[in-house]
Amino acid sequence: MSAATKIHKATWCAIRNLEQYRTKAKFSSSAIGTRNELFNQEQRRQRDAVGRIEKIEVRYLGLPEDVTLLMNNHISTPYNCAQHLSEGHCKRSALALIDGTIPWDMHRPLQESCTLQLLPFNVSEPHVINKAFWRTCSFLLGAALHKSFKSEANLQLHSFPGPNIKSGSFVHDIVLSSQSWQPSKSELRAISAEMVKMAAQDLPIERLDVQQELAYEMFKDSRYKSEQLPSIGKQNQGRVTLYRVGDHIDISRGPMVASTRFLGKCTIGVSHKLANEGSSGAFYRIQGIALPSGYMLNHFAFGLLEQRAQKLNSARLPHEPFEEPQQMQIS
């Protein structure tokens with residue numbers, strides 16, 4: 001048996017076994033289905049509400065040359081603009097920059113005439129796209145965790161703090177009905193494998209802004225999301241921004257990268273217990289490290305990043321006030 005075959009079999013064995021917490025995503029299927037149906041309905045309602053189509057001028061700035069595109073207001077997205085340029089622009093562009101200052105999701109409709117830059121990961125100033133990538137990794141980690149626990153574990157996703165690249169890890173905070181969970185290496189590898197599986201599926205990452213009341217309805221089964229919504233709505237004039245990948249939906253101000261295909265090498269390396277929750281539950285911080293697709297590091301160098309990502313990330317803790325920073329702009 002070849003080494004590659006052995007690794008393949010070992011990975012799938014870990015995925016099947018995740019010990020007492022592993023399952024085939026039987027997690028709250030009815031709640032997930034309802035949440036997705038409400039997402040779909042609101043998405044269709046917003047599209048139908050556009051009414052008469054108005055044209056806007058989008059001035060693309062970049063290679064091979066600057067060009068002005070005539071697009072549809074509240075319908076056309078940066079990705080649609082990329083389709084007018086080349087297949088390469090569609091494949092490479094992970095994030096957009098509007099009017100030189102505002103990071104913008106590739107699949108988010110444009111709202112007025114503007115200038116547009118399409119950002120690949122090798123852009124000369126990568127800070128904005130790196131933050132979007134790490135935020136996306138935290139979001140995808142939540143989706144992977146949902147697929148990786150049995151229902152009796154009573155997994156609840158709490159939140160994922162804003163990305164801090166200098167911290168060395170992306171995180172997702174969860175609550176489990178166990179106060180002594182210590183994942184094995186095979187369990188962590190299986191969660192990593194779920195991340196890689198999503199990357200291979202090239203799933204689009206969708207954004208939807210909704211009224212706070214609809215967000216309440218969508219997350220009424222989630223104690224922690226429901227508790228966070230008043231603060232989020234207050235900061236955003238009663239609106240809540242949602243993201244969806246596959247059937248997984250969560251709350252985040254964004255922006256995020258365009259697709260799961262931009263996730264490359266990934267390791268979910270550690271779980272830190274943060275505090276007990278009630279008589280039998282506990283908060284845990286799951287941490288990982290990842291590279292964008294196409295970026296390669298040798299085993300030793302990536303191992304150093306994995307070691308650094310083991311250290312407890314100092315981001316906002318679950319019991320601290322839930323406040324998101326305002327939309328980031330480039331000065």
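**Figure 1. D202 in the predicted model, in the loop between α6 and β8.** D202 counts as partly exposed because its relative accessibility is 38%, and values between 20% and 50% fall in that class. The model is a predicted one. The phi of D202 is positive, near 50 degrees, in a residue other than glycine. D202 follows helix α6.

**Figure 2. Helix α6, residues 185–201.** With 17 residues at 1.5 Å a residue, α6 should span 24 Å, and the C-alpha atoms at its ends lie 25 Å apart, which agrees. The buried residues of this helix are E187, L188, A190, I191, S192, A193, E194, M195, M198 and A199. An α-helix has 3.6 residues a turn, so residues three or four places apart point the same way. A200 also has its place in α6, but A200 is exposed, with a relative accessible area of 68%; the cut-off for that class is over 50%. The C-alpha atoms of A200 and T260 are separated by 7.5 Å, although the two residues are 60 residues apart along the chain.

**Figure 3. The open sheet of three strands, β8-β9-β10.** Pairing in this sheet is antiparallel. β8 and β10 (248–251) stand at the edges with a single partner strand each, so one side of each has no neighbour in the sheet. From one strand to the next, the twist averages 30 degrees. Strands of a sheet pair through backbone hydrogen bonds, either parallel or antiparallel.

**Figure 4. The hairpin of β9 and β10.** β9 (residues 239–245) pairs with β10 in the antiparallel sense over four bridges. Y243 stands opposite D250 in β10, and R244 stands opposite I249 in β10. Two residues lie between the strands of the hairpin, and G246 in the turn has a positive phi of about 60 degrees. From β10, H248 and D250 point one way, while I249 and I251 point the other way. H248, I249, D250 and I251 are all buried. In a regular strand the side chains alternate between the two faces of the sheet.

**Figure 5. Strand β5 (residues 114–119) and its pairing with β1 (residues 55–60) and β3 (residues 95–98).** β1 and β5 run parallel and are joined by three bridges. Within this pairing, the bridge partner of Y60 in β5 is L116. β3 and β5 run antiparallel and are joined by four bridges. Here L95 has L119 of β5 as its bridge partner.

**Figure 6. The largest pocket, with a volume of about 620 Å³.** Its lining is made of 18 residues, and those nearest the centre of the pocket are Q46, H74, H107, R108 and P109. The lining divides into five nonpolar, seven polar and six charged residues. α2 (29–48), α3 (78–85) and β8 (206–211) each supply at least two residues of this lining. β8 gives the most, with four residues.

**Figure 7. The largest cavity, with a volume of about 70 Å³.** The model has four cavities of 30 Å³ or more. Residues lining the largest cavity are W134, S138, P161, G162, P163, N164, S167, S169, F170, V171, N313 and A315. Six of the lining residues are nonpolar, six are polar and none is charged. α5 (127–146) and β7 (170–176) each supply at least two residues of the lining.

**Figure 8. Two cis peptide bonds, at L63 and P64 and at G254 and P255.** For the bond that joins L63 and P64, omega is about 0 degrees. P64 is placed in the loop between β1 and β2 (67–72). P255 is placed in the loop between β10 and β11 (263–277).

**Figure 9. N154, in the loop between α5 and β6 (156–159).** N154 is not a glycine, yet its phi is positive, about 55 degrees. The relative accessibility of N154 is 44%, so N154 counts as partly exposed.

How values were computed. Residues numbered from 1 in each chain as written. Predicted model: local features only at pLDDT ≥ 70, side-chain atom pairs only at ≥ 80, totals over all residues. Heavy atoms only, no water. 1 Å grid on protein atoms, 1.4 Å probe; cavity = no way out; pocket = protein on both sides within 12 Å on 5 of 7 lines; lining within 4 Å. Points joined across faces, edges and corners; volume = space filled by probe spheres on them. Nonpolar A, V, L, I, M, F, W, Y, C, P; charged D, E, K, R; others polar. Expected span 1.5 Å × (residues − 1). Buried < 20%, exposed > 50% of the residue type's maximum accessible area, 1.4 Å probe, protein only. Pairing = 2+ DSSP bridges. Axes fitted to C-alpha atoms, helices over the stretch in contact; angles between N-to-C directions.
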